[in-house]
Amino acid sequence: MIIEIKNLEELEKLGIKLGSLLEKKDVICLNGDLGAGKTTFTQAIGKGLEVIEYITSPTFTIINEYEGRLPLYHFDIYRLGDEEELDLLGAQDYFYSDGVCVIEWANNVENILPKERLDIWIKIIDENRRQFKFIPHGDRYVKLVEELLK
Amino acid sequence: MKTLAIETSCDETSIAVIEDGRKILSNIISTQIETHKKFGGVVPEIASRMHVEVISQILKNALEDANIGLNDIDFISVTEGPGLVGALLVGMSFAKALSYSLDIPLIGVNHIKGHICANYISHKNLEPPFIALVISGGHTYLVDVTGYDEYKVIGRTRDDAVGEAFDKVARALGLPYPGGPMIDKLSKVGNPEAINFPRVYLEVNSYDFSFSGLKTAILNYLNQMKQKNETITIEDVAASFQMAVIDVLSEKTFRLLNETKRNKLAIAGGVAANSGIRDIFTKKALEKGIELFIPDMNLCTDNAAMIGSAGYYSYISGKKSTLGLKVDANLSL
C-alpha cells in the first residue's frame with residue numbers, strides 16, 4: 001500500500017491517527033533516508049498516543065521512553081553496530097512489553113525484529129512531499145493499515 | 001572526602017575517584033583504555049557499550065591510578081539517568097553492590113548535572129549562580145544553576161541535539177565519523193556566509209531549541225545542487241551550517257544571561273570542544289563582560305569524574321540515596 005503525503009500537516013495528521021489506533025505490543029518500523037521525517041512522524045504518533053513530553057531524537061541515546069495512553073519506546077538503530085548489540089541492550093524485553101515500539105532505521109536489524117509488525121518506508125519526493133509505503137506483517141497489522149487509510 | 005564515581009549512561013564505561021568535588025585522583029574511561037593502559041587481553045570493538053565486561057577492570061585501574069584501596073572511599077556516586085536503561089543498570093548494580101558491601105552511602109547523580117559540574121573540576125574558582133549551556137551528542141540544555149545542588153532548566157531541544165545535528169550533516173557531506181570535529185575543521189576554511197541556512201528561534205522569548213529543520217534544510221540544499229549538477233563546496237556548507245548553529249545557541253544563551261543578570265557562563269558537553277563555538281562565545285562574553293568557563297577537553301565528553309563532582313555536592317547538601325534507587329531513562333533535572 002503506497003500513499004503520497006503532500007506536506008508536513010498531512011504527515012502529522014497521519015501520524016496522530018496511527019498513534020490513536022495503536023494497541024499494546026504494537027511494533028512500528030520506520031525506514032527512510034536522513035531527513036525523510038522518521039522522527040517527525042514519531043512525534044505525531046506520540047501525540048496520537050497522548051504523550052505530553054517533547055519526543056526528541058533517540059539517535060544518541062538509542063532508546064527513549066515516554067508515558068502516554070500506553071508507554072512509547074522510541075528506538076533509533078542508526079548508530080548501532082549490529083543486531084547482537086541491540087539484543088544486548090534488552091530490545092526483546094521492549095518488543096514484547098505492554099507498550100508500543102517505534103523503531104527508526106529498523107531495516108538494519110531485521111533479523112531480531114518480531115515477525116508480526118508494521119514496516120513503513122518513507123521516501124523523499126521533494127522538499128515537502130513524501131511517499132509512504134506500508135508493509136504489514138500479520139493480521140493485526142493488515143487491519144491496522146486498513147483502518148489507518150480509511 | 002573521597003567518592004568513587006561510576007558512569008555508564010551510554011557508550012562509555014567510566015570510573016573515577018574524586019576528592020572534595022574538585023580534585024581528580026583518577027578518571028578511567030573505557031574507550032581510552034586501549035591507548036592509555038595495558039589491558040588484560042584484547043578489548044573487543046563492541047565493548048564500548050558492553051559495560052559489564054569491562055567494569056571490574058576499570059574499577060581496578062581507577063583505584064590503582066588513585067593509589068588507594070576501596071576502604072579509603074567515603075561514598076559512591078553513580079549516574080541514575082538520563083540514558084539507556086540497559087547501560088545505566090550495569091553501573092547502578094555495580095554501585096549498589098559496592099555501597100552495600102563497604103557499608104558506605106550511595107548517591108544517585110543526574111548525568112546532565114555531571115556535565116555542568118565538570119566545570120568545577122577545571123575551574124577551582126567557579127561558584128554558583130551561573131548559566132550553563134550543555135551541548136552534546138544527546139543533550140541540549142540551557143540551565144540556571146542557582147546553587148551547588150539547585151538547577152533550573154530554562155531551555156532544551158525539542159527534536160535533535162546539537163551534536164547529533166553535526167554528525168548527521170557530516171554524514172550527508174560524506175565525512176567520516178565522528179563528524180563534529182570534521183565540520184569544525186572544514187569551517188575554518190569555508191565561508192560562513194556562503195549559504196543562508198535557516199535559524200530556528202521558535203516562539204518569541206523561547207529558550208528551547210530545534211535543530212531538525214536545519215538538518216533537513218541542508219539535505220534539501222545538497223539534493224537541489226546535485227539535481228542541478230552544480231558543484232558543492234563542502235567547506236562552505238560546513239561553515240554556513242556551523243554558523244547557523246552558533247547564531248541560535250549564542251542568541252538564546254546571551255539573552256538569558258541578560259535577562260537573569262548573571263555574569264558567569266559555563267559551557268559543558270562534548271560539543272563544547274568545537275573551536276567555532278569557543279571562539280564566538282569567548283568573543284561575545286568579552287564584549288558583554290561575562291566570565292566564560294569551559295571544561296578541559298577530556299572532561300567535556302562522558303566521564304565519571306564529573307559524576308563524582310556532582311555526587312559530592314549532592315552529598316554535602318544532605319542528599320542520600322537508598323539501595324532501592326532506580327535508574328530512570330528520562331530523569332529530568
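1. **Ground rules.** Residues are numbered from 1 along each chain as its sequence is written, chains are lettered from A and ligands numbered from 1 in the order in which they are written. Because the model is predicted, local features need pLDDT of at least 70 and side-chain atom pairs count only at pLDDT 80 or more, while totals for chains, interfaces and linings use all residues.

2. **Chain A overall.** Chain A has five helices and seven strands. Helices (H or I, at least four residues) and strands (E, at least two) are DSSP runs, numbered from the N terminus. Their order from the N terminus is β-α-β-α-β-β-α-α-β-β-β-α. Along the principal axes, the C-alpha atoms fill a box of roughly 40 × 30 × 30 Å.

3. **Burial and contacts in chain A.** Of its 150 residues, 47% count as buried. A residue is buried if 20 or more other C-beta atoms lie within 10 Å of its own, exposed if 12 or fewer, and partly exposed in between; C-beta atoms are placed from the backbone. Take the contacts in chain A with a separation of 6 or more: residues 24 or more positions apart account for 64% of them. Two residues are in contact if their C-beta atoms, placed from the backbone, lie within 7 Å.

4. **Helix α1 of chain A.** This helix covers residues 8-21. Its 14 residues should span 20 Å at 1.5 Å a residue, and the end C-alpha atoms are 20 Å apart, which agrees. The expected span is 1.5 Å times one less than the number of residues. A:Leu11, A:Leu14, A:Gly15, A:Leu18 and A:Gly19 are its buried residues. Seen down the axis of α1(A), they fall within an arc of 135°, so they line one face of the helix. The arc is that of the directions from the helix axis to the C-beta atoms. Their cover includes β1 (2-5), α2, β7 (130-137) and α5 (139-149) of chain A.

5. **Helix α5 of chain A.** A:Tyr141, A:Leu144 and A:Leu148 are the buried residues of α5(A). Down the axis of α5(A), the buried residues fall within an arc of 55°, so they line one face of the helix. They pack against α1, β6 (117-124) and β7 of chain A. The face turned away from the buried side carries exposed A:Asp139, A:Lys143, A:Glu146 and A:Glu147.

6. **Chain B overall.** Chain B has eleven helices and ten strands. Its radius of gyration is 21 Å, close to the 20 Å that the globule rule gives for 333 residues, so chain B is as compact as a globular protein of that length. The C-alpha box is roughly 65 × 50 × 30 Å along the principal axes. Buried residues make up 52% of the chain. Among contacts between residues at least 6 apart in sequence, 74% join residues at least 24 apart.

7. **Strand β6 of chain B.** Six of the six residues of β6(B), residues 130-135, are buried, so the strand is largely enclosed by the rest of the structure. B:Phe130, B:Ala132 and B:Val134 point one way; B:Ile131, B:Leu133 and B:Ile135 point the other way.

8. **Partners of β6(B).** Two strands pair if DSSP finds at least two bridges between them. β6(B) pairs with β7(B), residues 140-147, in the antiparallel sense over six bridges. The two form a hairpin with four residues between them, and B:Phe130 stands opposite B:Val145. β6(B) also pairs with β9(B), residues 264-268, in the parallel sense over four bridges. There B:Val134 stands opposite B:Ala268.

9. **B:Leu214.** This residue is found in helix α7 of chain B, residues 212-227. B:Leu214 counts as buried because it has 20 C-beta neighbours inside 10 Å. Not counting residues up to four places away in sequence, B:Leu214 touches B:Ala165, B:Phe197, B:Pro198, B:Val200 and B:Ala244.

10. **Where the chains meet.** 20 residues of chain A are in contact with 25 residues of chain B. On the chain A side, α2 (38-48), β3 (63-67) and α3 (83-88) give two or more residues. The largest share, three residues, comes from β3(A).

Note on methods. Rg over C-alpha atoms; globule rule 2.2 N^0.38 Å.
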